[in-house]
Amino acid sequence: MHILGLITMTAITAATALAGETGPVGEPRVTVCMDPSSDGREIRAAQRLASKMFARIHVGVDWQELGSCPVAGNALQVTLSYNTPEHQLPGAMAYALPYEGSHIVVFYDRLRKSDPNQVTCSLAYILVHEVTHILEGITRHSTRGIMKAQWDREDRFEIAIGRLEFAPEDIDLIYRGLDRREFGPTLAASRIPVSVAAQ
């Protein structure tokens with residue numbers, strides 16, 4: 001009995017140590033590769049905040065630079081746009097290609113102009129929104145929460161304090177999408193973008 005208890009405690013300790021480094025054992029994970037940027041500290045802070053949002057629903061995120069992005073697998077690729085043409089998706093802060101399954105473009109220049117005092121927080125939520133589009137694998141928005149098409153004043157307040165959450169239906173769709181990405185066939189490629197509008 002004492003030996004069994006010792007083995008159990010050892011297993012719990014090992015699992016806790018592993019979870020501290022990589023998230024809970026067995027949680028689904030997604031790799032997201034991003035452009036390096038001159039605003040590296042700001043970008044990394046946004047990535048950490050985005051990771052925390054996904055961690056609340058027990059999804060892990062592995063951030064890598066595009067140059068070291070894995071060739072095999074289902075890694076997502078995020079490009080930051082610094083010279084976005086005015087005619088390209090006017091009013092949008094970013095777009096994703098959910099049917100293509102991997103590419104996201106963030107209009108970083110627009111984001112910095114629209115909300116210069118909240119760039120890190122806003123970027124984190126935009127990343128989560130667009131990554132979720134890819135994971136869900138469909139062009140849809142929710143009536144509330146992170147996946148709304150347009151965030152209103154109340155949503156922006158929740159974003160500023162880090163409290164805007166996923167709607168329950170989005171959590172379900174994220175998990176279904178992660179299962180599909182791991183076990184199911186790849187959907188046919190499409191170039192139809194879905195975007196998050198200006199805040």
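Visitor: Before anything else, what does buried mean here, and what is partly exposed?
Guide: A residue is called buried when its relative accessible area is under 20%, exposed when the value is over 50%, and partly exposed in between. Please keep in mind that this is a predicted model.

Visitor: Where do tyrosine 82 and tyrosine 108 lie?
Guide: Tyrosine 82 belongs to the loop between strand 3 and strand 4 (92–96), whereas tyrosine 108 is in helix 3 (residues 108–114), so their pairing ties together parts that are 26 residues apart in sequence.

Visitor: And is each one buried or partly exposed?
Guide: Tyrosine 108 has a relative accessibility of 0%, and because buried means under 20%, this residue counts as buried. Tyrosine 82, with a relative accessible area of 36%, is partly exposed.

Visitor: Which residues make another pair?
Guide: Tyrosine 125 and tryptophan 151 also form an edge-to-face pair, with their centres 6.5 Å apart and their planes at 80°. Here too distant parts of the chain are linked, since tyrosine 125 is in helix 4 (residues 119–136) and tryptophan 151 is in the loop between helix 4 and helix 5, 26 residues apart. Both tyrosine 125 and tryptophan 151 are buried.

Visitor: Switching topic, which strands does strand 3 pair with?
Guide: Strand 1 (residues 29–34) runs parallel to strand 3 and is joined to it by three bridges, and valine 32 stands opposite leucine 76 of strand 3. Strand 3 also pairs in the parallel sense with strand 5 (residues 103–107), over five bridges, and serine 81 is opposite phenylalanine 107 of strand 5.

Visitor: What sits over the ring of phenylalanine 107?
Guide: The charged end of arginine 110 does, at 4.6 Å from the centre of that ring.

Visitor: Now for backbone angles, which residues other than glycine have a positive phi?
Guide: As background, most residues other than glycine have a negative phi. Histidine 58 has a positive phi of about 65°, and leucine 89 has a positive phi near 45°.

Visitor: Where are histidine 58 and leucine 89 found?
Guide: Histidine 58 is in the loop between helix 2 (40–55) and strand 2 (60–65), and at 48% relative accessibility it counts as partly exposed. Leucine 89 is placed in the loop between strand 3 and strand 4, and it too counts as partly exposed, at 29%.

Visitor: Last one, what happens at the start of helix 5, and what comes just after it?
Guide: At the start of helix 5 (residues 153–160), a side-chain oxygen of aspartate 152 comes to within 3.1 Å of the backbone nitrogen of glutamate 154. Just after helix 5, glycine 162 takes a positive phi of about 70°.

Key: Residues numbered from 1 in each chain as written. Heavy atoms only, no water. Pairing = 2+ DSSP bridges. Helix = DSSP H or I, 4+ residues; strand = E, 2+ residues; numbered from the N terminus. Polar contact = N/O pair within 3.5 Å; in protein donor to acceptor, adjacent residues only side chain to side chain. Buried < 20%, exposed > 50% of the residue type's maximum accessible area, 1.4 Å probe, protein only. Phe/Tyr/Trp six-rings, centres within 6.5 Å; stacked < 30°, edge-to-face > 60°. Lys NZ or Arg CZ within 6 Å of the ring centre and 35° of its normal.
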